[in-house]
Amino acid sequence: MTRLRVALLNAAHDAANTRRNFRRELDADLVEFHAAEGELPDGYDFDAVVITGSRSSVYWDEAWIPPLVEYVATATDRGIPTLGICYGHQVLAEALGGRVAGMDDFELGYSEITHHGDEIFAGIDEEFTVFTSHGDAVVDLPPGAELLAENEYGVHAFRAGHNWGLQFHPEYDMETAADVADGKRDRIGDARVDAAIAEITPENYEAACEAKQVFENFTDHVRRVSEDAGRSRRTERSVAGSSADD
């Protein structure tokens, strides 16, 4: 099978770390669009869509956000498998009819999460370690969506058909985690940021690498969807050809 073609909707305002991380973790040909600058695909000729994190909130009054939500809604309506990470998870929830709101707290640093089973978590322990950085949360799941993972801060994963939202950051390396944490000083103060940075150790990073399995699980699912679609098209052509011969 040819390599997957994936639209990477990069919602980060400083895109370098995000670009590096997703290109390392996703086994696919990524076509990147700078969503935070208003750049989106002009079509849907992709095997999958991935939406990244961002320092923005999905409910902010910024001109680039509604078109991003609309694009994701249309992509999912067309049956294109979609993966949203952190802000992308919240965009996906909004696109599918869920609701996102600000939290009373901020989750930053390595956290423990419990998942309830699903193919996206195949090969990952029921309780696992991740790096988190968010002050918003999905408070109402989209209609028909299934809650897949959570902790004391709320929803950390959901599924709706071929679409998954993950609140945590499986793509982060240690450099990104430290940069993101350092950027939160004005919001949550030096003490909490310093504590989070002190926990960015090789041991904690290695524990959090278990969650990177979600990317392989997602691309495996996308390949199955693409193969099934290809078989359906071949069957339709075969039936049409047989009818023409009659």
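## Aromatic pairs

In this predicted model, the count of aromatic pairs comes to nine, where rings of Phe, Tyr and Trp (its six-membered ring) pair if their centres lie within 6.5 Å, and where planes under 30 degrees apart count as stacked, over 60 as edge-to-face and the rest as tilted. One of them is the edge-to-face pair of Phe-22 and Phe-215, with 6.0 Å from centre to centre and 85 degrees between the planes. Because Phe-22 lies in helix H1 and Phe-215 in helix H8, this pair ties together parts that are 193 residues apart in sequence; helices (H or I, at least four residues) and strands (E, at least two) are DSSP runs, numbered from the N terminus. Phe-22 is buried, with a relative accessible area of 0%, and Phe-215 also counts as buried, at 1%, given that buried means under 20% relative accessible area, exposed over 50% and partly exposed in between (1.4 Å probe, protein chains only).

Phe-121 and Phe-128 form a tilted pair, 5.5 Å from centre to centre with 45 degrees between the planes, and both residues are buried. Tyr-110, Phe-131 and Tyr-172 form one aromatic cluster.

## How the model was read

Local features need pLDDT of at least 70 and side-chain atom pairs count only at pLDDT 80 or more, while totals for chains, interfaces and linings use all residues. Residues are numbered from 1 along each chain as its sequence is written, and side-chain values use heavy atoms, with hydrogens and water left out.

## The sheet

Nine strands make up an open sheet with mixed pairing, in the order E2-E1-E3-E4-E9-E8-E7-E5-E6; two strands pair if DSSP finds at least two bridges between them. Strand E2 (29–34) and strand E6 (127–140) stand at the edges with a single partner strand each, so one side of each is left without a neighbour in the sheet. Strand E5 (residues 99–115) and E6 run antiparallel and are joined by 12 bridges, and Gly-109 stands opposite Thr-132 in E6.

Helix H2 (residues 65–77) lies across strands E1 (5–10), E3 (48–51), E4 (82–85) and E9 (163–166), and runs at about 150 degrees to E3; axes are lines fitted to C-alpha atoms, for helices over the stretch in contact (heavy atoms within 4.5 Å), and angles run from 0 to 180 degrees between N-to-C directions.

Thr-129 is placed in strand E6 and is buried, with a relative accessible area of 13%. Its side chain is joined to that of Glu-112 by a polar contact of 2.6 Å, a term for a pair of N or O atoms within 3.5 Å of which, within protein, one must be able to donate a hydrogen and the other to accept it, with residues adjacent in sequence counting only if both atoms are side-chain atoms.

## Salt bridges

The count of salt bridges comes to 19, each being a side-chain nitrogen of Lys or Arg within 4 Å of a carboxyl oxygen of Asp or Glu. Arg-223 and Asp-27 meet in one of them, at 3.2 Å from N to O, and this pair links distant parts of the chain, 196 residues apart, with Arg-223 in helix H8 (residues 213–245) and Asp-27 in the loop between helix H1 (15–25) and E2.

Another joins Glu-119 and Arg-224 at 2.6 Å, and because Glu-119 lies in the loop between E5 and E6 while Arg-224 lies in helix H8, the pair ties together parts that are 105 residues apart in sequence. Glu-119 counts as partly exposed at 28% relative accessibility, and Arg-224 is partly exposed at 40%.
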